[in-house]
Amino acid sequence: MQIDAIVLRELHIPLVRPFETSFGVTRNRRIVLAEVHSEGLTGWGECTAGERPTFSSESTDTAWQVLINELAPMLAAESPEHGGECPKIFRSVRGNPMARATLENAIWDLEAQREGVSLSRLLGGVRDTIPCGVSLGIQSSIAELLSIIERELATGYQRIKLKCKPGWDVEVFERVRNRWPSIMLSCDANSAYRLRDEDHIVSFDAFDLLMIEQPLWHDDFYFHSVLQKRLETPICLDESIHNRRDALAAIEMESCKIINIKLGRVGGFSEAIAVHNAAMERGIPVWCGGMLESGVGRSHNIALSTLEGFSLPGDVSASARYFADDIIEPHVTVSAQGEIAIPDSPGRGYEVRTDLIERLTVRKETIRAMALVA
């Protein structure tokens, strides 16, 4: 396909409510979107980097610079026929997976539109609906958290994930389990603990958790392996897994029993599929994590979650949980059974609200061939 133009823009979108993790509190999202124009079609991608380099080494600003100065000109000079060609096109740029995924995912969207199939089918998806869980940030009080859980369970979500950190863990789990003994419950530490906390983390076994997500260092396999040997609860690795090789190493070392696949963290659909396949071949369940995406990134997560190995409810929740007015239509909704229906129209299956995107845009650049035009 001939690339006619790549438009990059930054949007500022307030969250419905603050979202707190062990990293800090997010109240507003600075989101970078890419629209890739080719032969009358437009593919959309979203950069999932955070405002600050806390989850990963990337941030909104670093991704913007890499996209503008490196990746977009590289892509504009090529004519990829398949999204899977993007890793080769970008091979001279090390790291920056979230920036790379922004453009690669847009090419997959374009390809699906050109082929007249849904993005989920192009990826190899096998599901017509996906089960949904919800990720709940750290709250000002346990009472407030319990109220939020009650509301989300009434909405239909099949799994509740609690962000945790030292001082916000055991008492929280105990109160939640006493209130709801049988719900599917997990926790996510975002690397908030160290091996000196090993005995404390082992006490989490008492709460029948589906998983403990990334309890130790963000770049570690070895000490997670040590910890997993003491735990009955499965460890799920998130930040540590950047590619298929990482997944194979973690599985071989028995560092985890579950893997969270995030499109931005692994660099796009090509590597996400490779991680999924490696895990499924070895009997390791996977699920799709969220990064407070707008509807564009959310629609990508929905398509990815239709692959066969995504057997656990992910963090792909309704638009309204995060944004008063999402940039796609229809908004993503969750059924009373805690499921999202998969669109079957060509591409992502959700229309982009270009008028709203224009109003939310704070900066914009257009790349044509190898020239940068403001």
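User: Are helices H3 and H11 roughly parallel or roughly perpendicular to each other?

Analyst: In this predicted model, where local features need pLDDT of at least 70, side-chain atom pairs count only at pLDDT 80 or more and totals for chains, interfaces and linings use all residues, helix H3 (residues 97-115) packs against helix H11 (residues 269-281) at an angle of about 90 degrees, with axes 8 Å apart. Axes are lines fitted to C-alpha atoms, for helices over the stretch in contact, and angles run from 0 to 180 degrees between N-to-C directions; helices (H or I, at least four residues) and strands (E, at least two) are DSSP runs, numbered from the N terminus. Since angles under 35 degrees count as roughly parallel, over 145 as roughly antiparallel, 65 to 115 as roughly perpendicular and the rest as oblique, H3 and H11 are therefore roughly perpendicular.

User: Is Gln214 buried or exposed?

Analyst: Gln214 lies in the loop between strand E8 (212-213) and helix H8 (222-228), and it has a positive phi of about 40 degrees although it is not a glycine. Buried means under 20% relative accessible area, exposed over 50% and partly exposed in between (1.4 Å probe, protein chains only). With 0% relative accessibility, Gln214 therefore counts as buried.

Conventions:
Residues numbered from 1 in each chain as written. Heavy atoms only, no water.
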